[in-house]
Amino acid sequence: MTELLAVRDLIVNYHSERGIVRALDGVSLAIGKGEVVGLVGESGCGKSTLARAILGVLPVPASEVRAGAIAFGGDNLLTLASAEIARRIRGRRITFIPQDPYGSLNPLFTIGQQMLDLMHWKSPRAAAAGRSAWPAVLSRYPSARRAQDRAAILDMLGAVQIPNPEQALAKLPHELSGGQRQRIVIAMALLPQPELIIADEPTTALDVTIQAQILRLLHREVKRRQVSMLFTTHDLGTAWEICDRVVVMYAGQDVEAAPTPAFFAAPRHPYTSKLLESLPRTDGVAQDIPGEIPSLIAPPQGCRFHPRCYFATTECTITRPPVSGGAHVVRCYHPLGASTGVAA
Amino acid sequence: MSAALLEVQGLSHRFRLKDGRAVRAVDGVDLAVGAGEILGIVGESGCGKSTLGKTLIGVLGADDGTVRFEGAPIQNLDGTALRAVRSRLQYVYQDAGAALDPRWTIGRSLDEALVIHTALPRAERDARVRETLAAVGLHGDQLSLYPHEISGGQQRRVGLARVLALHPKLLILDEPTSGLDVSVQATILKLLVALWKQYGLTLLFISHDLAVVRSICTRVAVMYLGRIVETGPTAGIFTNPRHPYTKSLLAAVPLPGGRRVIDEAWLEGEPPDPLDIPSGCRFRNRCPMAQPLCATDDPTLRPLAPGHNAACHFA
């Protein structure tokens, strides 16, 4: 599979009143063309920081990128000027689906107005038209293009199964249900015909039957259009549902990456294995992971999971384990199943 | 099932809107909770499960129906009688830790409940506080700390200890694990089961998470739009659901490593407006089995197997 995006050894710190928060500690991740990658981890593990770094929206000056690279179509997103990212990449080649659509839709404008605004600036037709000499806010929206964009919006609303698309365009966000709003922002993420969608826990706030509908819709549409997707979630169940590959993070470090079936059948990192054991079971209460997630202000040296790890030895407390394994990557000195599988 | 500790009949609560219309959030609920059970109340947002919990303890007034606890009605009590019931019937909010006063030490917060509800002398209160603190897995030397000095998970434990110190009979737990990461959730569930055994509690476990309910409850009641549509032993509900809504709900739960919901779940559409509940069976608009009868006759819970009831004409 051709690589679309590659994050390499990314280190991101936040400055806080209590000290430097080491949010990402040398994280690597790759997404192939048309691939759906699940970025899985518990709260505070750095999944949203990574998503923000890719989108170029890390808070300034509170955050600081210390090292690493994000390669996307021949560019390094970390060195590209932010105006350039805003114009060529964000919202056009890389789009975003938020967790809470209510927070990203303007409550005072109709759905139709907001979708047309998006198309005005970010549609493929807008890209073809090139840059206007006028300042952005004054540039015209030619009526022919507007009509085409409107047709494209109605098509897309049909694809995301909004009943009565024409009527939906005239509604304000609060007049739609949570599930409908999530369908609208999915449509808005697909409309610019992006190469990559970053979806940040898009179904967390939804009920389980609506979640099933939205997951199915999202999976069908990205696969049909061959769009890649980075799907962050804390829920292993949703990762299982729609991801081709899963990357697990713990306290700012990537610990394991594997194709979804292999990952769920035989996790290799001790943390991942514990995480799977902590899922509710049908035959009694699940096992918890002793200890708590460390503070990222003074994180443990080496592998950040070592204070809670049954297998930890001295080397785990000194340096971070290197990457090992082929398609099923694990960063651990003592991976599970090491004697039977790939050499550690 | 042993004798019912809590008996609910025809309970309703309506939220009135300014324009005179009313949302029937809880609409004729019959329920019996036996001593020693962990009864799960499951359903999606807006089905009325939290309203049911709050109506049971009287935080919200009942518009209809009766609630009997230990055989005696507990509605419209006041003063001493109400206080006596409350010490044995406790409600635990989702984030129990948020109920702690940030300017009080943990020890003082724990002591307060005992001062209000019991006549124990100081030394015995102290002993009781230390005992419950140990039961939730915290140390006595944490009594002098303030809530911000302990983690969120520990705050929840203190919140639980505060309720347990009164030695209640029945706890109503409202979404006790929602918003928690799975590893922390497992810790809390383990703790709840341990406390359930240690104190001989009865738990009413309100949750939207079917996997959690399946893992700890002994019996389950499924709610849809203010009604209980199916109730039965956990194993029966999960392996042989009878109501079409329960079936669709179960089919939508992801099972990591198992079948994929996106290939199999079939429930389309969204729950109707609670201001405009369909006539007859309230699930009929989304139900694949719906017949003309469903539009005219409102099904009531009927027994299908021992302890297993469903409100459906065709279950």
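Helices (H or I, at least four residues) and strands (E, at least two) are DSSP runs, numbered from the N terminus. With that in hand, here is a short tour of a predicted model. The contact between chains A and B draws 36 residues from chain A and 33 residues from chain B. A nonpolar core of 175 residues is the largest one, and chain B holds an open sheet of eight strands as well as an open sheet of four.

**Where the chains meet**

- Chain A brings 36 residues to the contact, and chain B brings 33 residues.
- On the chain A side, α9 (208-225), α10 (236-242) and α11 (260-265) each provide at least two residues.
- The largest share of that side is the nine residues of α9(A).
- By class, the side of chain A that touches chain B holds 15 nonpolar, 14 polar and seven charged residues.

**Domains of chain A**

- Chain A is assigned domain 1 (1-93 + 197-305) and domain 2 (103-191).
- Between the C-alpha centres of these two domains of chain A there are 28 Å.
- Where they touch, domain 1 of chain A contributes 13 residues and domain 2 of chain A contributes eleven residues.
- On the domain 1 side of this contact, α9(A) gives the most, with seven residues.
- That side of domain 1 of chain A consists of eight nonpolar, two polar and three charged residues.

**The largest nonpolar core**

- Of the 175 residues in the largest nonpolar core, B:Leu204, B:Phe205 and B:Val222 have the most contacts inside it.
- The helix α6(B) gives the most to this core, with eight residues.
- Domain 1 (1-93 + 197-305) and domain 2 (103-191) of chain A both contribute residues, so the core lies between them.
- Beyond its neighbours within four places in sequence, B:Leu204 is in contact with B:Val33, B:Leu39, B:Ile41, B:Gly53, B:Leu170, B:Ile172 and B:Leu173.

**The eight-stranded sheet of chain B**

- At one end of the order, β6(B) and β7(B) are joined over four bridges in the parallel sense, and B:Val92 sits opposite B:Leu173 in β7(B).
- Helix α9 (residues 244-251) of chain B packs on this sheet, where α9(B) touches β9 (219-224) and β10 (227-233) of chain B. The direction of α9(B) makes about 100° with that of β9(B).

**The four-stranded sheet of chain B**

- Here the strands of chain B run in the order β2-β1-β4-β5, and the pairing is antiparallel.
- β2 (22-34) and β5 (72-73) of chain B each have a single partner strand, so one side of each is left without a neighbour in the sheet.
- Strand β1 (residues 4-16) of chain B and β2(B) run antiparallel and are joined by ten bridges; B:Arg14 faces B:Arg24 in β2(B) as its opposite residue.
- The helix α1(B) packs on the sheet and touches β1, β2 and β4 (64-69) of chain B. Its direction makes about 65° with that of β2(B).

**Two loop residues of chain B**

- B:Cys47 belongs to the loop between β3 (38-42) and α1 (49-56) of chain B.
- Is B:Cys47 buried or exposed? B:Cys47 counts as buried because 26 other C-beta atoms lie within 10 Å, where 20 or more are needed.
- Apart from neighbours within four places in sequence, B:Cys47 is in contact with B:Met223, B:Tyr224 and B:Leu225.
- From B:Cys47 to B:Gly226 there are 179 residues in sequence, yet their C-alpha atoms are 5.3 Å apart.
- B:Gly179 is part of the loop between β7 (170-174) and α6 (182-199) of chain B. B:Gly179 counts as exposed because it has 12 C-beta neighbours inside 10 Å, and the class takes in 12 or fewer.
- B:Gly179 and B:Asp95 are separated by 84 residues in sequence and by 9.2 Å in space, C-alpha to C-alpha.

**A covered strand in chain A**

- In a regular strand the side chains alternate between the two faces of the sheet.
- Both faces of β6 (residues 94-97) of chain A are covered: A:Ile94 and A:Phe96 are buried on one side, and A:Thr95 and A:Ile97 are buried on the other.
- β6(A) runs parallel to strand β7 (residues 196-200) of chain A, with four bridges joining them, and A:Ile97 stands opposite A:Ala199 in β7(A).

Methods:
Residues are numbered from 1 along each chain as its sequence is written. Chains are lettered from A and ligands numbered from 1 in the order in which they are written. This is a predicted model: local features need pLDDT of at least 70, side-chain atom pairs count only at pLDDT 80 or more; totals for chains, interfaces and linings use all residues. Two residues are in contact if their C-beta atoms, placed from the backbone, lie within 7 Å. Ala, Val, Leu, Ile, Met, Phe, Trp, Tyr, Cys and Pro count as nonpolar, Asp, Glu, Lys and Arg as charged, and the others, Gly among them, as polar. Domain bounds come from an automatic or database domain assignment. A nonpolar core is a set of buried Ala, Val, Leu, Ile, Met, Phe, Trp, Tyr and Cys residues joined through C-beta atoms within 7 Å. Two strands pair if DSSP finds at least two bridges between them. Axes are lines fitted to C-alpha atoms, for helices over the stretch in contact, and angles run from 0 to 180 degrees between N-to-C directions.
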